[in-house]
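Here is a short tour for anyone meeting this model for the first time. Have a look at the structure first, then read on.

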Amino acid sequence: DKGQYENLEEIWGVDGAAPVYRRAMLEDVKIGDEYFDADFFAYKEDIDLSWRMRLAGWEAVYQPKAIAYHDRSAGEGTKTNPLEIIRERRKIREFAKFHSFANQRLMQIKNETPHLLIKHAPRILLKEAMSWPYVLIFEKYGWKSALEFFRLLPRTIAKRRYVMAKKRISDHDMEKWFI
C-alpha cells in the first residue's frame, strides 16, 4: 500500500467480501427473485451482480474508510502471462476452480454486449483457446466443470435476455471499465 487506496472514488463493481448495496439497485437488477444468480452457487456471483448493476446504469463507490478482512482462496486475478496464470491456478482449491471456470464463462455470456464482444473477440478467443484445453487436460475437475457450463448454458441465455432488456448504459461508457 503506497497510499493508492486512500481516495473515495467510483469503481467498476463491488467485491462480495463486504459490499453494501442500495435496495433499489438490488430490486432493479434482480432476475426473478434472485439478486445473486443462484446458478453460480459460489464464485463470480459478486462480479456478475456488479456487471448487471453497471449495465443498468448504477454506480459503485470505493470507501477507503471501510475496513474488511477476507481470506481469499481463489488466487491472484491480476496475472496476464500464461505461465503466471498456471502457477496461480495450481494454488487454488479444486472447489474454487470448478465453480470459477464455469461461472466466468456463463457470466460473460449473460452480460457481454454484442458490440464489445465483437470488439474484444480476438483477446477473448485467444484466452478461451488456451483455457479450455488446459482445464480439460491438466485439471481433474475440468470435464465436470465443462459439463456444468453446458448444463447451465440454456438458463444463462434466458437470463441474458432479461439483463439486456434492463441495459441503460452505452457500450462506450461500459468499455471504459475494460482494458
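Predicted model: local features only at pLDDT ≥ 70, side-chain atom pairs only at ≥ 80, totals over all residues.

## Helix 5 against helix 6

Helix 5 covers residues 114-138 and helix 6 covers residues 142-165; their axes come within 12 Å and cross at roughly 155°. Angles over 145 degrees count as roughly antiparallel, so helix 5 is roughly antiparallel to helix 6. As for handedness, the crossing of these two helices is left-handed.

Who does the touching? On the helix 5 side, the contact is made by Pro114, Trp132, Val135 and Leu136. Helix 6 brings Gly142, Trp143, Ala146, Phe149, Phe150 and Arg160 to the contact. Sorted by class, the contact of helix 5 with helix 6 has 8 nonpolar residues, along with 1 polar and 1 charged.

## Helix 3 against helix 5

Helix 5 has a meeting with helix 3 (residues 82-91) too: the two axes come within 12 Å and cross at roughly 35°. Here the crossing is right-handed.

From helix 3, the residues in this contact are Pro82, Ile86, Arg89 and Arg90, and from helix 5 they are Met130, Tyr134 and Val135. By class, the contact of helix 3 with helix 5 splits into 5 nonpolar and 2 charged residues, with no polar ones.

## Helix 4, wrapped up

How far apart are the end C-alpha atoms of helix 4? This helix runs over residues 94-111, and its ends are 26 Å apart. With 18 residues at 1.5 Å a residue, the helix should span 26 Å, so the two values agree.

Helix 4 is also largely enclosed by the rest of the structure, because 15 of its 18 residues are buried.

## Two residues in one loop

Now for the loop between helix 1 (23-29) and helix 2 (45-55), which is where Phe41 sits. Phi of Phe41 is near 50°, a positive value in a residue other than glycine. Is Phe41 buried or exposed? Its relative accessibility is 60%, so Phe41 counts as exposed, the cut-off for that being over 50%.

Tyr43 lies in the loop between helix 1 and helix 2 as well. Phi of Tyr43 is positive too, near 75°, and again the residue is not glycine. Tyr43, however, is buried, because its relative accessible area is 19% and buried means under 20%.

Ser50 is a residue of helix 2. Its relative accessible area is 1%, so Ser50 is buried. Which residues does Ser50 touch, leaving aside its neighbours within four places in sequence? They are Trp12, Gly13 and Val14.

Tyr162 is found in helix 6. With a relative accessible area of 33%, Tyr162 is partly exposed. Apart from neighbours within four places in sequence, Tyr162 is in contact with Asp28, Val29, Lys30 and Ile31. Phe178 is another story: Tyr162 and Phe178 are 16 residues apart in sequence, and their C-alpha atoms are 22 Å apart in space.

Terms used:
Residues numbered from 1 in each chain as written. Heavy atoms only, no water. Axes fitted to C-alpha atoms, helices over the stretch in contact; angles between N-to-C directions. Helix = DSSP H or I, 4+ residues; strand = E, 2+ residues; numbered from the N terminus. Parallel < 35°, antiparallel > 145°, perpendicular 65-115°, else oblique. Left-handed = near helix turned anticlockwise from the far one by under 90°. Contact = heavy atoms within 4.5 Å. Nonpolar A, V, L, I, M, F, W, Y, C, P; charged D, E, K, R; others polar. Buried < 20%, exposed > 50% of the residue type's maximum accessible area, 1.4 Å probe, protein only. Expected span 1.5 Å × (residues − 1).
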